[in-house]
Amino acid sequence: MVEMPGVKEPERVRKLLQGSANLEFWETYNSQEIAPLLSQLNQKYAALNGNAAADTTAVAANDSTAVAEAAADTTKAATTDLAAKLAKKDSKATNIEKEQALKVNPLFSVLQPVPQGLAIVGYANARDTAQVNKVIYSDIAATILPAECKLRWGAKAEDFGGENTKGDIFALYALKVTEPNGRAPLEGDVITSSKDDFDQMGHPSVSMQMNSDGARRWSQITKQNIGRGVAIVLDDAVYSAPRILTQIDGGNSQITGNFTIEDTKDLANTLNSGKMPAPTRIVQEEVVGPSLGAQSIKQGIMSFIVAFVLLMIYMIMLYGFIPGILADIALLFNLFFTLGILTSFQAALTMPGIAGIVLTLGTAVDANVLIYERIKEELKHGLGLKEALQKGYANAFSAIFDSNVTSLITGFILLFFGTGPVKG
């Protein structure tokens with residue numbers, strides 16, 4: 001059970017809790033290596049769904065148009081153009097037109113291919129990713145795409161600068177499996193530390209340091225992939241696939257991508273906390289509104305008032321009116337300084353905190369009890385009132401000092417090692 005009072009971004013917290021911090025570094029295919037295979041997949045998938053005749057012409061036209069429009073364009077302007085066309089096409093298409101397009105072009109009607117470039121093989125609207133997955137993860141795809149090829153979506157929507165595409169278009173990456181066991185050649189367990197940072201262009205990024213084994217393997221991977229992209233994947237979603245310009249030695253690296261400052265802080269925290277052995281699932285979630293909190297505070301204050309009044313009456317009944325009133329005034333000073341110190345530290349007054357104040361008042365009375373009982377003893381021994389008062393205060397001081405010091409030590413232990421209500 002996780003309790004987080006005052007959370008202003010519940011979705012961000014939910015994402016952090018469910019992240020398993022499964023960081024992986026993958027080698028990638030260039031898009032020109034996969035684009036022809038995707039074209040074959042599009043044709044064969046349509047043919048097996050009874051549209052072979054119409055498919056040949058339509059796919060050929062679609063491919064030639066895509067090649068003519070995108071032909072080797074890997075610049076941001078070109079991808080912006082592709083994404084804008086995709087969004088425009090989707091916004092104008094009716095349901096009937098979409099169904100017909102899916103029959104003829106089951107893949108390319110919802111995926112804008114990128115014929116040439118690094119690891120990105122296509123772009124799709126967020127609402128069309130399910131249809132793309134249906135095709136690329138089908139049995140037909142398994143017979144056409146290489147067994148070493150894994151297609152994975154980007155973690156965040158692409159920002160092309162256009163209002164009509166903002167937050168809608170996701171990139172599809174082609175990862176290359178090079179290990180016999182099918183795992184990534186380098187995983188997050190080699191990272192010893194990470195922190196949120198900024199790259200040379202001033203964009204938010206995450207800097208990380210690897211251990212000696214990770215540094216050695218990372219150096220080998222970057223050496224073998226100069227000029228190609230290496231994908232940075234967290235929890236099966238691609239954050240970025242930067243081009244490797246040179247071999248990277250030493251284990252110092254930087255994760256760049258379409259990040260915000262909050263993203264880099266969360267990613268660095270997740271990596272520093274370590275990889276989870278299994279993903280977390282939220283099975284129940286409740287939000288406690290201010291009305292319940294107000295009721296708890298009201299009940300807590302009422303318990304405090306009742307306890308305080310009973311203590312005052314008890315002291316007056318036990319030791320007489322004037323001594324009892326003096327003890328009660330001391331309690332008021334105790335409460336005044338306690339609340340004053342809490343306010344100066346801007347501490348939140350929780351329900352356990354209110355209970356702690358009530359308990360503090362009860363134990364504070366113990367000092368008055370000790371003093372008064374010592375005074376009574378001195379009076380029984382025949383001393384005068386003034387001398388009995390002096391000796392009563394003097395002889396009770398050591399016991400009072402000890403009890404307060406031990407309470408202080410206990411309080412510090414609870415503060416540093418306690419959690420939840422215990423800490424409160």
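Three strands, in the order E7-E8-E11, make up an open sheet with antiparallel pairing in this predicted model; strands here are DSSP runs of E with at least two residues, helices are runs of H or I with at least four, and both are numbered from the N terminus. Two strands count as paired if DSSP finds at least two bridges between them. Strand E7 (191-198) and strand E11 (252-255) lie at the edges with a single partner strand each, so one side of each has no neighbour in the sheet. From one strand to the next, the twist averages 25°, where axes are lines fitted to C-alpha atoms (for helices, over the stretch in contact) and angles between N-to-C directions run from 0 to 180 degrees. Strand E8 (residues 204-210) runs antiparallel to E11 and is joined to it by four bridges, with Val206 opposite Ile255 in E11.

A further set of pairings involves strand E9 (residues 230-234). Strand E1 (residues 23-28) is antiparallel to E9, and five bridges join the two; Leu23 stands opposite Leu234 of E9. E9 also pairs with strand E10 (residues 237-240), again in the antiparallel sense, over three bridges, and here Ile232 faces Ser240 in E10. E9 and E10 form a hairpin with two residues between them, and Asp235 in the turn has a positive phi of about 50°. Five of the five residues in E9 are buried (under 20% relative accessible area with a 1.4 Å probe, protein chains only; exposed is over 50%, and partly exposed is in between). Val230, Ile232 and Leu234 cover one side, while Ala231 and Val233 are buried on the other.

Beyond its neighbours within four places in sequence, Val132 is in contact with Leu107, Val110, Leu111, Ala124, Trp153 and Leu172 (heavy atoms within 4.5 Å).

Residues are numbered from 1 along each chain as its sequence is written, and side-chain values use heavy atoms, leaving out hydrogens and water. As the model is predicted, local features need pLDDT of at least 70 and side-chain atom pairs count only at pLDDT 80 or more, while totals for chains, interfaces and linings use all residues.
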